[in-house]
Amino acid sequence: MPGVAPGPAQPWSFDTPDQALPPVVYTPSAEEEAVEPRSAVAGTYALVEYVPLGEAVAQVSCTTKAGPYQRQVERWLGLRVDGVQSAGDCRAIRAFQVQQGIKPAMGFAGPVTWSRMQYLSARRNPNAAGNCPVRSHPVACVDLSRRLMWVQKGRQVVFGTVPIRSGRAGYRTRAGWHKVYWRHKNHWSTLYNTPMPYSQFFSGGQAFHGVYGSLYTAVGSMGGPISPWVTRGGCGAC
């Protein structure tokens, strides 16, 4: 039954939203609605960068390796954009990581560092490109390329900007204009045997929902946008 954990986790279980089948829609009881989803354990959403394992074990203070987002990070920091990690690049990247609380701060231009930069660039005006539909009611906009989400009413941002995790290859979050057809605060995925707190379903079986885990995994989810924050209102993926 949705909202009720069916049993111990299976080997194939992971923190992904329902995708293959739409969920069973029902009206939760007052007792169920009164229960707040549990809070994530301390440190769940910490900014932990993905770095070369050997350097992490050796506790390297400043890496000489170029990260997968070297050029993007260099450009954002105003450094020479050549994709090559120099001592000066490492110091600048490491200083940014220390300032933002990203660990380990060894100057590696990984996905967490780049995601943080995109968030900082977008937080004041996430819809600068004007791609989010302007409506008189609240609209949740998802930028899949930047992995960001916000809610706006008219042209005013009323919630966010917040980072998200979107669908992995083969299970891409469906772009376009969608409408939330069911909200379930204490949803439990019967497909993947995992909690999906504050789920808001759209487009068959994809959903906005919270997650008890990192948003910065390289593989992505099984469809819907995932965030530790929750929206309430109309939904659009743009």
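Reader: Which residues does Ser199 touch, not counting residues up to four places away in sequence?

Author: In this predicted model, Ser199 touches Trp182, Arg183, His184, His187, Phe208 and His209, with residues up to four places away in sequence left out of the count. Ser199 itself belongs to strand β5, which covers residues 194-202.

Reader: Is Ser199 buried or exposed?

Author: A residue counts as buried when its relative accessible area is under 20%. Ser199 has 1% relative accessibility and is therefore buried.

Reader: How does one read the packing of helix α3 and helix α4, and at what angle do they pack?

Author: Angles of 65 to 115 degrees count as roughly perpendicular. Helix α3 (residues 70-77) and helix α4 (residues 87-100) pack at about 75 degrees, their axes being 11 Å apart, so α3 and α4 are roughly perpendicular to each other.

Reader: Which residues of α3 and α4 meet?

Author: From α3 come Gln70, Val73, Glu74, Trp76 and Leu77, which meet Asp89, Ala92, Ile93 and Phe96 of α4. By class, the residues of this contact comprise six nonpolar, one polar and two charged.

Reader: Which residues line the largest cavity?

Author: The lining consists of Ser115, Tyr119, Arg146, Arg147, Leu148, Pro163, Ile164, Leu215 and Tyr216. Six residues of this lining are nonpolar, one is polar and two are charged.

How values were computed
Residues numbered from 1 in each chain as written. Predicted model: local features only at pLDDT ≥ 70, side-chain atom pairs only at ≥ 80, totals over all residues. Heavy atoms only, no water. 1 Å grid on protein atoms, 1.4 Å probe; cavity = no way out; pocket = protein on both sides within 12 Å on 5 of 7 lines; lining within 4 Å. Nonpolar A, V, L, I, M, F, W, Y, C, P; charged D, E, K, R; others polar. Axes fitted to C-alpha atoms, helices over the stretch in contact; angles between N-to-C directions. Helix = DSSP H or I, 4+ residues; strand = E, 2+ residues; numbered from the N terminus. Parallel < 35°, antiparallel > 145°, perpendicular 65-115°, else oblique. Contact = heavy atoms within 4.5 Å. Buried < 20%, exposed > 50% of the residue type's maximum accessible area, 1.4 Å probe, protein only.
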